[in-house]
Amino acid sequence: MDDVFVIPLWVDLLAVGIGALQGALFAAQFRDRRLDWLGVAIIGIVVGFGGGLLRDLLLDVPLAPLQSNWYVVVATAAALLGMLLERVFSRLNRFITVLDALTIGLFGAIGTTKALALGLPEVAAVFVGVLAAVGGSILRDLLLNLPIALMHVGSLYAVAAAAGSGTIAVLLALDVDVLVAGAIGVAITFGVRVASVLFGWSLPEQRAITRLPKLPALPKRGRRDEDAAADRGRTVTTATGVIHLHPTTSSIPIVGSEP
Amino acid sequence: MDDVFVIPLWVDLLAVGIGALQGALFAAQFRDRRLDWLGVAIIGIVVGFGGGLLRDLLLDVPLAPLQSNWYVVVATAAALLGMLLERVFSRLNRFITVLDALTIGLFGAIGTTKALALGLPEVAAVFVGVLAAVGGSILRDLLLNLPIALMHVGSLYAVAAAAGSGTIAVLLALDVDVLVAGAIGVAITFGVRVASVLFGWSLPEQRAITRLPKLPALPKRGRRDEDAAADRGRTVTTATGVIHLHPTTSSIPIVGSEP
Amino acid sequence: MDDVFVIPLWVDLLAVGIGALQGALFAAQFRDRRLDWLGVAIIGIVVGFGGGLLRDLLLDVPLAPLQSNWYVVVATAAALLGMLLERVFSRLNRFITVLDALTIGLFGAIGTTKALALGLPEVAAVFVGVLAAVGGSILRDLLLNLPIALMHVGSLYAVAAAAGSGTIAVLLALDVDVLVAGAIGVAITFGVRVASVLFGWSLPEQRAITRLPKLPALPKRGRRDEDAAADRGRTVTTATGVIHLHPTTSSIPIVGSEP
């Protein structure tokens with residue numbers, strides 16, 4: 001169980017480039033925010049290898065994306081290319097979503113096996129793998145002051161990464177070869193992610209268990225309205241502020257789609 | 001001074017569980033945001049052992065919450081339990097606030113003594129202890145796009161942690177046994193936190209020293225209005241944006257209270 | 001190339017103090033948010049040595065600002081001083097902007113040379129240097145829930161740090177003495193930053209390459225309006241929310257200026 005699922009540097013860099021490109025296309029939706037070229041490059045770097053930085057920080061090892069010049073160069077170049085050629089890449093929308101599903105699969109497999117090789121127990125290793133896969137998207141939303149997409153109801157993103165990473169941990173515990181386990185894990189993450197986009201799968205919204213009403217004397221209409229309001233969520237003025245948020249059904253926006 | 005205030009694993013996990021439970025109850029206030037189950041689990045993990053992760057990152061040592069499977073499992077389970085049984089736990093509101101005060105005391109004591117054992121000087125060790133105690137709450141607010149509660153006027157939270165951690169540093173410098181020092185530190189953090197909730201203690205709002213007016217010729221009413229406006233804070237359109245914020249007096253919301 | 005551009009501790013602490021002071025003056029613009037004294041101290045610490053913490057986290061070495069008591073003490077004291085004497089320091093506005101330009105130059109030079117001394121390749125080392133210089137400002141904006149200033153159109157801040165850090169990397173590759181290279185790097189960062197404030201230099205806003213229209217039959221006025229609208233950015237309701245943002249031209253606000 002000591003091996004890491006290693007991929008050639010060019011595959012890793014390709015994954016970083018796809019992430020950075022997608023980050024730039026995502027940022028292009030926010031024209032009204034006056035991001036400058038540096039802002040686009042930062043988003044590209046963060047989406048491209050932010051997950052890898054978080055992974056190595058959690059593992060307390062030297063940060064791999066900083067041991068080579070290529071990561072910063074590829075992420076910056078891909079982000080600026082994505083910005084300039086936005087109209088071209090927007091038409092490749094579906095293709096890039098598919099590539100991105102492959103990318104989170106790869107990052108998750110690398111993260112999980114690296115964590116296991118360093119001696120972390122299984123559940124913690126899966127946690128590191130998931131954060132390696134989706135950490136870039138969390139950092140992106142933080143830097144853009146957006147609600148963290150993957151925490152909200154939407155197509156499965158972190159769940160896909162967790163399914164793949166969890167499978168890898170189980171297979172390695174069963175002494176399956178790391179390359180085979182890694183490939184299966186990537187395939188599962190890829191499959192769950194693509195299927196969830198195609199079929200609109202999502203996790204349920206947060207919801208408390210409520211008792212069934214015991215007294216049927218209450219007028220039905222009133223109760224039904226109340227339930228519907230509970231589903232949409234009431235407008236809560238919280239103790240610390242009011243957030244103007246208009247959530248929609250899709251939490252990870254499809255790249256380049258019309259809003 | 002080389003000893004760490006060690007608590008049994010089950011106490012540590014109980015503290016993580018309480019934190020995660022409280023995080024889920026906090027998140028339940030934001031039904032209109034459409035957090036899904038994964039979002040609730042992330043908030044649970046972050047509040048439960050985010051402070052421990054920050055502590056070990058600052059200390060440049062392997063991250064303790066990732067060396068065992070239990071932390072991720074307990075935090076996730078406690079968060080989902082808190083979500084499902086929100087109505088039950090909301091009635092235990094006061095009890096959970098009290099448990100949380102104990103929790104930040106424990107996390108602060110562990111952080112401070114661990115930092116001192118690793119050779120950090122006193123003030124830096126107290127800084128690490130405070131961040132270990134309250135880091136989870138900072139990360140929670142960042143991930144929920146909320147104003148960072150503990151930076152705003154409200155009941156004493158980080159200050160309670162600082163009082164306890166500072167006391168521990170002083171006692172250890174006086175060669176008091178680490179268990180005694182740790183217990184006193186926990187008690188002080190607990191006492192300050194609970195007292196500040198009960199009696200409404202808070203730090204003063206940020207405020208510049210202003211000269212007393214020299215000319216009494218100005219009409220009093222006009223001046224008084226201006227002062228009151230300064231106290232509430234004028235509505236500032238800043239160079240980078242307008243934030244729609246309606247702050248209230250309580251910065252750390254009481255769990256489960258009606259907004 | 002193994003040497004680090006070392007500055008005396010008091011110069012480093014002076015730089016931390018200037019950063020913290022500026023952080024407090026920045027926070028003073030947000031009176032309506034009810035930051036308390038602790039919040040001001042946190043902003044001071046974050047702006048003062050947050051960049052140094054990020055630098056050492058990225059380099060996987062013990063965090064230098066926590067190896068001495070002075071950093072926490074100086075940053076906290078400078079922030080509270082800045083808060084109390086805001087009216088005095090606001091008049092020193094230009095002077096503090098100039099000192100800050102020197103500060104980011106110093107932090108960038110230290111970060112770049114430290115990264116190179118630890119064996120990082122050039123581009124990665126420049127990345128670390130830039131983050132050391134501007135990381136505090138990013139953390140500040142995150143903690144205050146503000147748009148990250150340096151990602152938006154405004155006077156050159158990170159670009160100035162990158163120019164200086166890049167120059168240092170090139171000079172060290174040419175075997176120039178580290179003190180000379182460091183001094184030149186600081187001068188370049190300082191010069192670019194101050195000149196960009198004086199002359200209003202900025203990076204272009206994000207923008208996709210668009211084809212020139214082929215059909216001149218379209219009425220000119222209509223097309224021109226459309227172009228202008230594209231420049232300002234249309235109001236986009238994104239998939240994840242609506243952000244109420246009124247960006248202006250200056251991304252790094254001049255300290256103490258009237259909004």
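## What counts as buried

A residue is called buried when its relative accessible area is under 20%. B:F49 has a relative accessibility of 2%, so this phenylalanine counts as buried. Keep that cut-off in mind as you look around the structure, which is a predicted model.

## Chain A as a whole

Let us start with an overview of one chain. Of the 259 residues in chain A, 56% count as buried.

How much of the contact within chain A joins residues at least 24 apart in sequence? Taking the contacts between residues at least 6 apart, the share is 78%.

## Rings that meet between chains

Now for the aromatic side chains. Over all chains, the structure holds 12 aromatic pairs. One of them brings together A:F127 and B:F49, with ring centres 6.1 Å apart and planes at 65°. Planes over 60 degrees apart count as edge-to-face, so the pair of A:F127 and B:F49 is edge-to-face. This pair crosses between chains: A:F127 sits in helix α6 (residues 122–143) of chain A, and B:F49 in helix α2 (residues 37–59) of chain B. A:F127 has a relative accessibility of 15%, so it counts as buried.

B:F49 also pairs with B:Y71, again edge-to-face, at 6.2 Å centre to centre and with 80° between the planes. Here the partners come from distant parts of the chain, 22 residues apart: B:F49 belongs to helix α2 and B:Y71 to helix α3 (residues 70–84) of chain B. Is B:Y71 buried or exposed? Its relative accessibility is 8%, so B:Y71 is buried. Elsewhere, ring pairs join A:F49, A:Y71 and C:F127 into a cluster.

## Two helices packed in chain C

Two packed helices are described by the angle between their axes and the distance between the axes. In chain C, helix α6 (residues 122–143) and helix α7 (residues 158–173) pack at an angle of about 140°, with axes 9 Å apart. The two helices are therefore oblique to each other, and their crossing is right-handed.

On the α6(C) side, the contact is made by C:E122, C:V126, C:G129, C:V130, C:A133 and C:V134. On the α7(C) side, it is made by C:A158, C:A161, C:A162, C:S165, C:G166 and C:A169. Sorted by class, the contact of α6(C) with α7(C) has eight nonpolar, three polar and one charged residues.

## A buried serine in chain B

Our last stop is B:S165, placed in helix α7 (residues 158–173) of chain B. Its relative accessibility is 2%, so B:S165 counts as buried. Not counting residues up to four places away in sequence, this serine touches B:G108, B:T112, B:V126, B:G129, B:V130 and B:T189.

Technical notes. Residues are numbered from 1 along each chain as its sequence is written. Chains are lettered from A and ligands numbered from 1 in the order in which they are written. This is a predicted model: local features need pLDDT of at least 70, side-chain atom pairs count only at pLDDT 80 or more; totals for chains, interfaces and linings use all residues. Side-chain values use heavy atoms; hydrogens and water are left out. Axes are lines fitted to C-alpha atoms, for helices over the stretch in contact, and angles run from 0 to 180 degrees between N-to-C directions. Helices (H or I, at least four residues) and strands (E, at least two) are DSSP runs, numbered from the N terminus. Angles under 35 degrees count as roughly parallel, over 145 as roughly antiparallel, 65 to 115 as roughly perpendicular and the rest as oblique. A crossing is left-handed if the near helix is turned anticlockwise from the far one by less than a right angle, and right-handed if clockwise. Contact means heavy atoms within 4.5 Å. Ala, Val, Leu, Ile, Met, Phe, Trp, Tyr, Cys and Pro count as nonpolar, Asp, Glu, Lys and Arg as charged, and the others, Gly among them, as polar. Rings of Phe, Tyr and Trp (its six-membered ring) pair if their centres lie within 6.5 Å; planes under 30 degrees apart count as stacked, over 60 as edge-to-face and the rest as tilted. Buried means under 20% relative accessible area, exposed over 50%, partly exposed in between (1.4 Å probe, protein chains only).
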